[in-house]
Amino acid sequence: AVAVEGLAVGTHYAYAPTADGVPLTPSTEFRTDDPSVATTILAFGDSGTVSPEQTAIRDRMAMTPADSILHAGDMVYDSGAPSEFDPTYFQPYAELLRRLMIWPCLGNHDIRTLNGQPWRDVFYTPANNPNHNEGYYSFDVGNAHVVVLNSNGAVGVGGSQYNFLDAELTASTATWNIVVFHHTMYSSGTSHGSAIPIRNSLVPIMDAHGVDLVLMGHEHNYERTH
């Protein structure tokens, strides 16, 4: 991790990593966030399969202008083991990662090894909750406020994640409030179906706060509802 300070908002910067003064890659450009303007976010999930489908979606994302990317979990198949991160995540998304932030989320495959410790070792998250737990957090991007939860853990009424979500949505003044977690609350799929306990717990509080968008994964098909 390299800390870079003193950057202006909404500004394009170019950089190149070097070793012994020799550039390791060509120069890459990124833009710092500007909270006063609208933002474009790409979202995907259940991605780390090393398949033509993963490559096709990666290539489409690479061609699409965006400010950041949200991942809905199951980032590393099949078991979230350390050896799986390079072939299923870092190598396929190398070009995207050089210029865009991919905000991570824990899926059920990501926690199969040591309850997700390799995931926590690899990714930096704000962990800006009272428990300083890396698995759930919030951040601002453009005019949106995003809350990422770990739906592998407890999200029931009165629990740590529930209270964190309530506090974040209560305090938010963003134009758009977005919530991300892995297990989908509404699905007509036959592999997993709807996560009813999560729905019963979180829908009332998200409705009460007027959440604009909820992004979920787990069931390997595309559905949307309003």
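## Close-up views of a predicted model

**Figure 1. The whole chain, before we zoom in.** The protein has six helices and eleven strands. What you're looking at is a predicted model. Its C-alpha trace covers about 55 × 40 × 30 Å along the principal axes. As for burial, 43% of the 226 residues are buried.

**Figure 2. A three-strand open sheet, β5-β6-β7.** Here three strands line up in the order β5-β6-β7, and the pairing is parallel. The two edge positions go to β5 and β7; each has a single partner strand, so one side of each is left without a neighbour in the sheet. The β5 to β6 contact is made of four bridges, with the two strands running parallel. To find your way along that contact, look for A43, whose bridge partner in β6 is L70. On the other flank, β6 and β7 pair over two bridges, in the parallel sense. There, I69 has I102 of β7 as its bridge partner. For background, strands of a sheet pair through backbone hydrogen bonds, and they can do so in parallel or antiparallel fashion.

Figure 3. Which residues of β5 are on the covered face, and which on the uncovered one? L42 and F44 make up the covered face, while I41 and A43 make up the uncovered one. A43 is also the residue that bridges to L70 in β6.

**Figure 4. Strands β9 and β10 side by side.** Strand β9 (residues 144-148) pairs with β10 over five bridges, in the parallel sense. A handy landmark is V147, which has V179 of β10 as its bridge partner. How many of the eight residues of β10 are buried? Seven of them are, so strand β10 (residues 176-183) is mostly covered.

Figure 5. Side chains of opposite charge can pair when their charged atoms come close. Across the whole structure, a search turns up four salt bridges. One of them joins the side chains of D67 and R31, at 2.8 Å from N to O. This pair ties together distant parts of the chain: D67 sits in the loop between α1 and β6, R31 is in strand β4, and they are 36 residues apart. D67 is partly exposed, with a relative accessible area of 26%, and R31 also counts as partly exposed, at 30%. Another salt bridge runs between R58 and D59, with the closest N and O atoms 2.6 Å apart. D59 is partly exposed too, at 34% relative accessibility. In a further pair, E95 meets R98, and here the closest N and O atoms are 2.3 Å apart. E95 counts as exposed because its relative accessibility is 56%, past the cut-off of over 50%. R98, at 25%, is partly exposed.

**Figure 6. The largest pocket.** Rolling a probe the size of a water molecule over the atoms shows where empty space is left. The largest pocket holds about 1,800 Å³ of space. It is lined by 37 residues, and the closest to its centre are Y15, L97, R98, L100 and M101. The elements giving two or more residues to the lining are β1 (12-15), β4 (28-31), α2 (85-90), α3 (94-97), β7 (102-103) and β8 (137-141). Which element gives the most? That's β4, with four residues. By class, the lining divides into 25 nonpolar, five polar and seven charged residues.

**Figure 7. The second largest pocket.** This one has a volume of about 1,300 Å³. Of the 37 residues lining the second largest pocket, V214, L215, M216, Y222 and E223 are the closest to its centre. The largest share, five residues, belongs to β11. The lining of this pocket has 16 nonpolar, 14 polar and seven charged residues.

Notes:
Residues numbered from 1 in each chain as written. Predicted model: local features only at pLDDT ≥ 70, side-chain atom pairs only at ≥ 80, totals over all residues. Heavy atoms only, no water. 1 Å grid on protein atoms, 1.4 Å probe; cavity = no way out; pocket = protein on both sides within 12 Å on 5 of 7 lines; lining within 4 Å. Points joined across faces, edges and corners; volume = space filled by probe spheres on them. Nonpolar A, V, L, I, M, F, W, Y, C, P; charged D, E, K, R; others polar. Pairing = 2+ DSSP bridges. Buried < 20%, exposed > 50% of the residue type's maximum accessible area, 1.4 Å probe, protein only.
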